[in-house]
Amino acid sequence: MPVITPFRRSPRPSDDAPDDPDTPAAAGPAPLETLRTRLAHWRSWRTRHPRAALVVRRVTTAFSAILVLGSLLLPNTLVALEPNRFARIPGEAVVAAVLLLCLPRVPRLVAAALFGSALGALTVLNLLDMGFTEYLGRSFNLVLDWGLLDDAQSFVADAMGGAAATWAAVGAVVLAVLLLVLMALAAVRLGELLAAHRERAARGALMAATVWMTSAALGVQTFGVPLATTSASKAARAQAHRVVDTLRDEAAFAKEAKADRFGGTPGDQLVPDLRGKDMIFTFIESYGRSAIEDPVMAPGVGRTLDASTASLAKAGFHARSGWLTSATYGGSSWLGHSTFLSGLWVDNQQRYRTVTSGDHLTLTKAFEKTGDWDTVGVMPGVQKAWPEADWYGLDKVYDAFDVGYRGPKFSWSTMPDQYALEAFQRLEHGRKRDRPLMAEVILTSSHQPWAPIPRMVGWDEVGDGSVYDGIEASGVKASDIITDSTRSKEEYGRSIQYSVTSLTQWLERYGTDDTVLVFLGDHQPLARVSGDGASRDVPVSIVAKDPKVLDAIDDWNWTEGLEPAKDAPVWRMSAFRDRFLTAYGSTPHPTKG
C-alpha cells in the first residue's frame, strides 16, 4: 500500500531562516512609509481632539498677529518703548494684507515668508539700535558696527563672568534666528488665514485702510501718539540711508584726511615754545561733563577737583580748564583719542581705519617729528598688537603686559591707575635722559562697569601690584550695580575721583618745573549714568608750573583750576590740535586733500 505523504509548505525566511540583509523583504517597512504613517497619525490628532485643535489654531493665530503687529510698531529706542506705541495702526500691515489677498497660493506663501523674514531682520536691527543708543548714544551702523559686538561680549565677561558672556552670546544668536524664523512662519500663517476668509478679510482691509487714511489726514491721536503710523518703513529707510551715507563718507573723509594745516610743517617749526618741557597727554576713561554737573556725582567729584587744585597750587602747579565735545559717547574710546590728537572728526570705525592708515599729523607725532623729544605710550588697556603706535608717533609703547603688574584685574581695567602711573615713573619719566619726554597715557580705572574700584595706597607700597589683591576682593561686584542706575552713578563718580586723585598726586610727587600735563576725558559715560539726552562734552585741563605755558592760552578764556565753569568755552574735540599747535608757536604749512 503506497504511503501518502502529507503536503508540507516550504519554510519562509521570515519563519525559520536568519534575516538576510541583502534580501529586500528582510528590511521591513520602508523608512519613508513609516515617516508618512507617523505624520498622518500626528495630523489626525485634530480629528481626534477637535476642541484642543481649535484652541491651538486660535492661540497660534493670535500669537502670529501679536508678533507681526508688535514688530511693525516696535520703536528703536528704550525711551520710546511705551504701551501707547502699540495702540496704533501700522500702514505696512494694511498694504501687506491687500497684497497677500491679491496673490495666488504659491506666490502668496513666498511673499508672506519674505515679508516676515524682512520684518524679523528689522526687529533685530531695532533691538541693536536700542542697545547702541543706550550705551553709545547712537544707532547701530549696519556696515561698521558688527566688530563692536565682540567688545560687548568682552564687557559682559568682565562684568558678569566668562560663562555669562558665552551664554549671552549664544542666547543673542538664538534669539536672532528665532525672530527670523518665527516672523516668517507668523506672516505665512496670517496670509493663509486671510486667504481662507477672503471676503471678510477684504472688507476688513478696506475698513482698516479707510481708518488709517482718515486718521493720517486728520492727525487723529490715541494716548498721545498718532493713530496712523508707518514707523517700520521709516526705520527701514533710516537703516538704508545710514548704509548709503556710510559708504559715501568713506571717500569724502579720505580726501579730508589728506588736507592738513600743519601737514607740511618742518620739525623745527613745530611747538618751539615747549622745547625742553616734559609733555604728558593723559586720557581719563569716561570722564564726562556729567561727573561735574550731575547732582549724584557732582558733590564728590567737585570736592576732589577743588582739593586737587589746592594741592597742586601748594606744589607750584596751576591749571586752566575748558570743555571739548567728544566724537564718541559711552564707549569706543579710541575714537575720542584719535579725534583729539589728529584734529579730525573720527566718529566711527571706518574713519578710524582710514585716518590711522594714512600719514595725517597727530599732536603726539608732532613732538616726534621735531626730533627733540623721546615719545612713549602707556596703554594698560591694550592687550594685543597695536599697530597704531607708528601713526601716533610713539617710539615705545607699554601695554598691559609690559609694566610688571602682578595684581588682580578690576573688572575691565587690567590695573589700577595709580599702578600704571607709578610704572610710568619707574620705566620712563623718572629715568635720566638726554632729551625731554612726550608721553601719551591712557588711564582705565574709570571704565564701566565701575566695580570694583581700586583705592589709593601709599606710593611706596604699590610694588608689583599684589597690594591690590585684598582691595579687589573686598570691592563692590559689577553684577551688584550693573542694572541699578543710581548705584552705577555713585560708583562712577567714585571712579572719577580715584583717577583724578591718582593723576594729580603723581604730578605733585614727580612733576618738575618743566612738566606740562594735559588731561581730559575721552567721552561721557553711557546714558544709564549720564542721562538721556546728555551732551557729549568732556572736561580738559592744562597744568604747569611755568607761567609762560598758561600765559600762551590766555585768549582761550578757560577757567582757572581743574573744574571748568559751566559757561567755559566749548570746542569740538577735533579743534584742539590746531589751537594747541598755534598757541605754542607752530607755523602752518598746509597740505591739500
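Threonine 282 is buried in this predicted model, with a relative accessible area of 1%, where buried means under 20% relative accessible area, exposed means over 50%, and partly exposed lies in between (1.4 Å probe, protein chains only). Threonine 282 belongs to strand 5, residues 278-284, and, leaving aside residues up to four places away in sequence, it touches Val441, Leu443, Leu503, Leu517, Val518, Phe519 and Leu520, a contact being heavy atoms within 4.5 Å. Residues are numbered from 1 along each chain as its sequence is written, and side-chain values use heavy atoms, with hydrogens and water left out. Because this is a predicted model, local features need pLDDT of at least 70 and side-chain atom pairs count only at pLDDT 80 or more, whereas totals for chains, interfaces and linings use all residues.

The protein chain as a whole has 22 helices and 13 strands, which are DSSP runs numbered from the N terminus (helices H or I, at least four residues; strands E, at least two). Of its 593 residues, 46% count as buried, and among contacts between residues at least 6 apart in sequence, 77% join residues at least 24 apart.

Helix 13, residues 349-356, has Gln350, Arg351, Tyr352, Val355 and Thr356 as its buried residues, and these pack against helix 9 (231-258), helix 12 (333-342) and helix 15 (388-392).

On the surface, Phe63, Trp167, Val170, Val173, Val174, Val177, Leu178, Leu180, Val181, Leu182 and Leu185 form a nonpolar patch with about 1000 Å² of accessible area together. Such a patch is made of residues with over 30% relative accessible area and no salt bridge, nonpolar side chains (Val, Leu, Ile, Met, Phe, Trp, Tyr) being joined within 5 Å and like charges within 9 Å; a salt bridge is a side-chain nitrogen of Lys or Arg within 4 Å of a carboxyl oxygen of Asp or Glu. Helix 7, residues 162-196, supplies the largest share of the patch, 10 residues. Valine 174 is found in helix 7 and counts as partly exposed, at 43% relative accessibility.

The mean pLDDT, the predictor's confidence in each residue from 0 to 100, is 86 for the protein chain, and 89% of its residues reach 70 or more. Over residues 1-27, however, the pLDDT is below 50, and this stretch has 5 contacts in the model beyond near neighbours in sequence. Where pLDDT is low, the predicted coordinates should not be read in detail.

Note on methods: Areas by Shrake-Rupley, 256 points an atom, 1.4 Å probe, with all protein chains shown as cover.
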